[in-house]
Amino acid sequence: MAGSRLEKIGTVFSRVRDLMRSGVIKPTEKPIWYDVYEAFPPKRPPLYVSLNRRYRGKKPDPVPEIFYEEDKIRAKFYEQYGMGVRPFDLSKSNFVSTCQRFVDKYAELKSQSEMDDSALFEETAKALLAEGIILRRRGSSTVSVDLAAAGSQDSVLRLKLTDLLAEQQSVGDDGKQEPEEQTPHTTQTS
Amino acid sequence: MLDQNLLVGAVSQLSLVRHKRRRLGKGRMRTALTFRVTSKQASMATRTLTRGLWSLQRHRNCNYSTAASIKSPPQQSDQVTEEIMKLPLEKPDYFRVSELFTVKDLFDARVHLGHKKGCRHRLMVPYLYGCRLDQDILDLDQTAEHLRLALNFTAHMAYRGGVILFISRRRQFGHLVESTARECGEYAHTRYWQGGLLTNAHVQYGAGVRLPDLLIFLSTLSNVFCSHVALRDAAKMNIPTVGVVDSNCNPSLVTYPVPGNDDTPVAMELYCRLFKMAIRRGKDKRKQVDLLYGLTAPSSPSP
């Protein structure tokens, strides 16, 4: 069957139509899809578009950014509280995360009372605490807390070791002499 | 009996023909006989077979249950075939493909998620809804419309007995695509595409090869992130294409593009299911209409 292999000129339909009009393709050889295409054409004719044109300079981004009003609240939440308490469960389509609950509560309180943004923020945190969600702050205070915690942890460890030693020595005094000799050796090497 | 000998000869020839996988010439309507015939000898064999069957029937006065697949309908006139072909084109949604999915289904299957801003193709910009934190979001209203058009076209092609080829070079979904094609009785190609498959078919596969009438791309990209060769080849061979185009694909050569996500398994399963249902609907409707026009007079209306 005759055909036209010029995919960069016109569409599939226009080529076949013109070939039929000129008589190269007989009406008996009409392709099956021709009538269907004629009855239900696509929204855009499938013309080949060459992409050679190089743009000089920056073009404004034609695709708009998607931002919502709640994004401001979300940004503040993540800045203050870090990652939410509960991990996201993406398998459920109706899952509500900690952040989303915060945002919903914030919107509720905003509609009810007339308060400043930062005050409203605190109010929302308190309200969520009342509901049972504990939000741990993530800020400069936590750094010193960590160091102190580390220091205390070390001291706790040391305490435990000395306690253990004291206990073992007391046990050794009560019991036989042989294990008493062995245990100090093992503790020294460890 | 002479008739029986003719029958045996015809059947053996036809089985040989089937093994060689010769196909019908383009444009001719497939008869209800499920195997393909090309040469004059083979078509003569068909006629002999049918004549033999009919004469045997007359002799024994019974219906063969085994001959269900090879029993041909009473000879349809050209006018009847024309009517059958024209019938679905009059209504805008003859196969009711718009009932197959909703925009919520597309959203749940994460069809609206595109690639990052840096991967965006210039020609996909009209199909984008926006960009959320550098990830492109496709416009599901547009996608729904395009998908309806694509499914409608597919159903019509299945109704007209067209050969449909599913193409996807994503190895993650190769098995899914192949099983979809098998279930709806069509074909799939999810392996390496040899250069001359469509353009050099008559040399590679022999003289009487029938090329596919529709290519469905479940991902228009090949493994190296360039456009699949079959897109360009189909345009060369004047074969229409239906394709799922993601935000990093070139939609210009696809006849019926469907802007959508082609990376998520949920989305791919949705597309496979939708195309399978559309093809099945087309084929079932055709069987129904054939039976109707076969049993009653051509002038009677169909439901």
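Trainee: Leaving aside neighbours within four places in sequence, which residues is B:Asn248 in contact with?

Mentor: Please keep in mind from the start that this is a predicted model. A contact is read as heavy atoms within 4.5 Å. With neighbours within four places in sequence set aside, the contacts of B:Asn248 are B:His115, B:Cys119, B:His121 and B:Leu221.

Trainee: Where in chain B does B:Asn248 lie?

Mentor: B:Asn248 belongs to the loop that links strand S7 (241-245) to strand S8 (256-259) of chain B.

Trainee: Does B:Asn248 count as buried or exposed?

Mentor: Buried means under 20% relative accessible area. B:Asn248 counts as buried because its relative accessibility is 18%.

Trainee: May we turn to a helical residue? In which element is B:Leu151 found?

Mentor: B:Leu151 sits in helix H5 (residues 140-159) of chain B. Its relative accessibility is 0%, so B:Leu151 is classed as buried.

Trainee: Which residues beyond four places in sequence are in contact with B:Leu151?

Mentor: Apart from neighbours within four places in sequence, B:Leu151 is in contact with B:Val97, B:Leu100, B:Phe101, B:Leu274, B:Phe275 and B:Ala278. B:Leu151 and B:Arg96 stand 55 residues apart in sequence, and their C-alpha atoms are 9.6 Å apart.

Trainee: Let us consider chain A as a whole. How many helices and strands are there in chain A?

Mentor: Chain A has 7 helices and 0 strands, and its elements read α-α-α-α-α-α-α from the N terminus on. Of the 190 residues in chain A, 22% are buried. Among the contacts of chain A with a separation of 6 or more, 44% are between residues 24 or more positions apart. The accessible surface of chain A is about 14400 Å², and carbon and sulfur atoms account for 55% of that area.

Trainee: How many residues of chain A are in contact with chain B?

Mentor: The contact set comprises 37 residues of chain A and 47 residues of chain B. The size of an interface is often given as the accessible area lost when the parts come together. Here chain A and chain B bury about 3600 Å² between them, with 61% of it on carbon and sulfur atoms. A:Arg5, A:Ile32 and A:Phe40 provide 20% of the area that chain A buries against chain B, more than any other three residues.

Trainee: How many polar contacts and salt bridges are found between the two chains?

Mentor: There are 6 salt bridges across the interface of chain A and chain B, and 15 residue pairs are in polar contact, both residues being at pLDDT 80 or more. On the side of chain A that touches chain B, the elements giving two or more residues are helix H1 (12-22), helix H2 (33-39) and helix H3 (70-81) of chain A. H2(A) gives the most to that side, with 5 residues. By class, the side of chain A that touches chain B consists of 22 nonpolar, 3 polar and 12 charged residues.

Trainee: Which residue of chain B forms a salt bridge with A:Glu7?

Mentor: A salt bridge is read from a side-chain nitrogen of Lys or Arg within 4 Å of a carboxyl oxygen of Asp or Glu. A:Glu7 pairs with B:Lys236, and their closest N and O atoms are 3.1 Å apart. This pair crosses between chains, joining A:Glu7 in the segment before H1 of chain A to B:Lys236 in helix H8 (residues 229-236) of chain B. A:Glu7 is buried, with a relative accessible area of 7%, whereas B:Lys236 counts as partly exposed at 21%.

Trainee: With which residues does A:Asp35 form salt bridges?

Mentor: The side chain of A:Asp35 meets that of B:Arg160 in a salt bridge of 3.8 Å, N to O. A:Asp35 also forms a salt bridge with A:Lys30, where the closest N and O atoms are 3.0 Å apart. A:Lys30 is classed as partly exposed because its relative accessibility is 27%.

Trainee: How many residues apart in helix H3 of chain B are B:Lys86 and B:Glu82?

Mentor: These two residues form a salt bridge, with closest N and O atoms 4.0 Å apart. B:Lys86 and B:Glu82 are 4 residues apart in helix H3 (residues 78-86) of chain B, so about one helical turn separates them. B:Glu82 is partly exposed, at a relative accessible area of 49%. In chain A, salt bridges that share partners link A:Arg17, A:Asp18 and A:Arg21 into one network.

Trainee: How many salt bridges does the structure hold over all chains?

Mentor: Over all chains, the structure holds 28 salt bridges.

How values were computed
Residues are numbered from 1 along each chain as its sequence is written. Chains are lettered from A and ligands numbered from 1 in the order in which they are written. This is a predicted model: local features need pLDDT of at least 70, side-chain atom pairs count only at pLDDT 80 or more; totals for chains, interfaces and linings use all residues. Side-chain values use heavy atoms; hydrogens and water are left out. Buried means under 20% relative accessible area, exposed over 50%, partly exposed in between (1.4 Å probe, protein chains only). Accessible areas come from the Shrake-Rupley method with a 1.4 Å probe; for residues, only the protein chains shown count as cover. Buried area is the accessible area (1.4 Å probe) that two parts lose on being put together, summed over both. A polar contact is a pair of N or O atoms within 3.5 Å; within protein, one must be able to donate a hydrogen and the other to accept it, and residues adjacent in sequence count only if both atoms are side-chain atoms. Ala, Val, Leu, Ile, Met, Phe, Trp, Tyr, Cys and Pro count as nonpolar, Asp, Glu, Lys and Arg as charged, and the others, Gly among them, as polar.
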